Amino acid sequence: MITQQLKDQATRDPMAFGMTYITLPNNIKWEYRQWLPEIYNSINPYNIQNGTDRCRKATIIKSTQSGLTTAGLVKTLHMMAEFDLNVAYSLPRDQDVIDLVRAKLNPIVRNSPYIQGLLGNVDAVKMKQIGSSFLYFMSMTTEPRMLSADAIMNDEIDLSDPNNLATMPNRMDDSDWKLTLNYSTPTIKGYGVDALYAKSCQYEWMVKCPHCGLQQVLDWGRNIEIKGMKLNPDEARYVCRKCRGTMTVEDFAKGEWVAQVPDLVNFHKGYHISQMMFYDPFDLYLHSVDPNSSVQEFYRKRLGVPYSSGNTDINYDWLMDNAVYDDAELDEGRLYIGVDQANTISIVIIMVKGDSIEVVFAEEFENDGWLELDRLLNKHRFSGGVIDADPNRNTATNISKNTDGLIKIADYHTRIKALYKVTRDEEKKVEHVTIRRSQAFDNLMEKIKEGNIYVSSEEGRVPDWARLLFTHIGNLRRDVEENNTALGTEQKITWRHVGPDHLAHALLYALIASFEGGKNQFHVRYSGRKDSDKKDKKKLKKGKGRSVRIR
Ligand SMILES: [Zn+2]
């Protein structure tokens, strides 16, 4: 029997809403974990409406098995059933949407008569109607649909395409609510959920030692003690980092959320969840030494902490020290051009002679990018070029056509064997190149490391455009994703970016163009050096809408 008092409680508190109206599937019991209520209460429309909470954004950096996906769904249903909010829910891939809806959401609806009763006419995998509001599921493999929402729930953001994810907040332009919840297990430092958490108030679960009273945040290195052999210990227990007295999961339950950056609690709440908060120490320890699982997986999935194996990152400082040669201009060679398109047009020109690849031009154009490209194509005799096919596919295709396939249009693809593959549409006179993204970036970085790709400086002065190029290259991070399959651990290389990286893609395209060679195999001088530098400076003074900035 649901009394008025319970009904009121359910309106005020999303967790009470869940416990009152929702039956979890597979006989999963509603478990009261001490650290959960505050998370359930973040971006709670009831508190925001009555002004007791002003924070509309929350980020959770989490371990697996933390019950947060359930929390996200319950909060979503609370917003819809009690406040008529429309919710957009993002997941990395289509299959993730299908899995979540079939394995979690549909069973919740089926088992919960109250929610079932609110289910409207629209009941599809990607869209549900509850009462008068809608829930839209969006896969981040494509740009989010133009739907209007009051709240966005971004699940597993580290595996979602960052460009599509970045446009999710636009779905809330027409809403006064604008509530955001991000949650994910982390991957690498400074990327995805870790980058968002770093901008939040950074709540950590502080626990108090029952022996000496020290308040502490649980840390794998300092709060666990083992007796016996490494792979077959006699004992594993949690201990106080100071007095080494035993602490239990029950002691941890008495902890509290403490903000590391209290000034931000009204703007962006961030919570970190580690399995140490609720997992048996012996079992968790065995996971940490399991020969079938990596340290990386343990940190990311068990402790909710970003982790990078092997440091293969090439950063800005490294490039300034190692990819700049004084007075090393090639007097002649073959010219190749690479073009990346997004909101801006990024163009890189390289000059190739033997093993040496000198970058002679790298610019990101805010406006008139296509005109600049046209000007460059008319001015120089290129041996070849590659241009990003999207988003302006027609423009790119026309450029390929007009140059009789000298400039090829490019797409990234993971399912090709070689580094890249060229096909020609004889009818349209368009050449198309498919590039295996991760392996191609590995190849590019290898060439940079070996010193084969460089910029020439004049009397030690590094051109500004080269600094921008190095910033973009330095924003790339190599990551190795690990998936456990029945046949063993599968490794997948991914290059992620922590800031703008357009010029790095343009450089990669130019490099791929040089591998392919192209039909005009003549040596030329790069005529852009002295003369056009002066011209460019004049142009800048006139302010012809040409700008380069480091963002
Ligand atoms: Zn102690």
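An open sheet of nine strands runs in the order E15-E23-E18-E17-E16-E19-E20-E22-E21, with mixed pairing. The model is predicted; local features need pLDDT of at least 70, side-chain atom pairs count only at pLDDT 80 or more, and totals for chains, interfaces and linings use all residues. Residues are numbered from 1 along each chain as its sequence is written. Strands (E, at least two residues) and helices (H or I, at least four) are DSSP runs, numbered from the N terminus. Two strands pair if DSSP finds at least two bridges between them.

Strands E17 (residues 345–353) and E18 (residues 356–365) run antiparallel and are joined by nine bridges. Within this pair, Ile-349 has Phe-361 of E18 as its bridge partner. Helix H18 (residues 502–516) packs on the sheet. Helix H18 touches E16 (334–341), E17, E18, E19 (384–388), E20 (407–412), E21 and E22 (430–435). The direction of H18 makes about 140 degrees with that of E16. Axes are lines fitted to C-alpha atoms, for helices over the stretch in contact, and angles run from 0 to 180 degrees between N-to-C directions.

The domain assignment, which is automatic or from a database, divides the protein chain into three domains. Domain 1 covers 4–202 + 261–273, domain 2 covers 206–259 + 279–307, and domain 3 covers 316–542. The centres of domain 1 and domain 3, taken over C-alpha atoms, are separated by 40 Å. Five residues of domain 1 are in contact with four residues of domain 3. Contact requires C-beta atoms, placed from the backbone, to lie within 7 Å.

A second sheet is open and has three strands in the order E10-E11-E12, with antiparallel pairing. Strands E10 (224–228) and E12 (246–247) stand at its edges with a single partner strand each, so one side of each has no neighbour in the sheet. Strand E11 (residues 233–239) pairs with E12 over two bridges in the antiparallel sense. Thr-246 in E12 is the bridge partner of Val-239. Helix H11 (residues 281–289) lies across E10 and E11, at about 110 degrees to E11.

Strand E7 (residues 179–184) is largely enclosed by the rest of the structure, because five of its six residues are buried. A buried residue has 20 or more other C-beta atoms within 10 Å of its own; 12 or fewer make it exposed, and values in between partly exposed, with C-beta atoms placed from the backbone. Strand E1 (residues 57–62) runs parallel to E7 and is joined to it by five bridges. Here Ile-60 is the bridge partner of Tyr-183 in E7. Strand E6 (residues 151–155) also pairs with E7 in the parallel sense, over five bridges. Ala-151 stands opposite Leu-179 in E7.

The largest nonpolar core has 69 residues. Such a core is a set of buried Ala, Val, Leu, Ile, Met, Phe, Trp, Tyr and Cys residues joined through C-beta atoms within 7 Å. Ile-60, Met-80, Val-87 and Ala-151 have the most contacts inside it. Helix H5 (residues 68–83) supplies the largest share of this core, eight residues. Domain 1 and domain 2 each contribute at least three residues to this core. A second, separate core has 57 residues, including Met-351, Ile-357, Val-360 and Trp-495.

Conventions. Contact = placed C-beta atoms within 7 Å.
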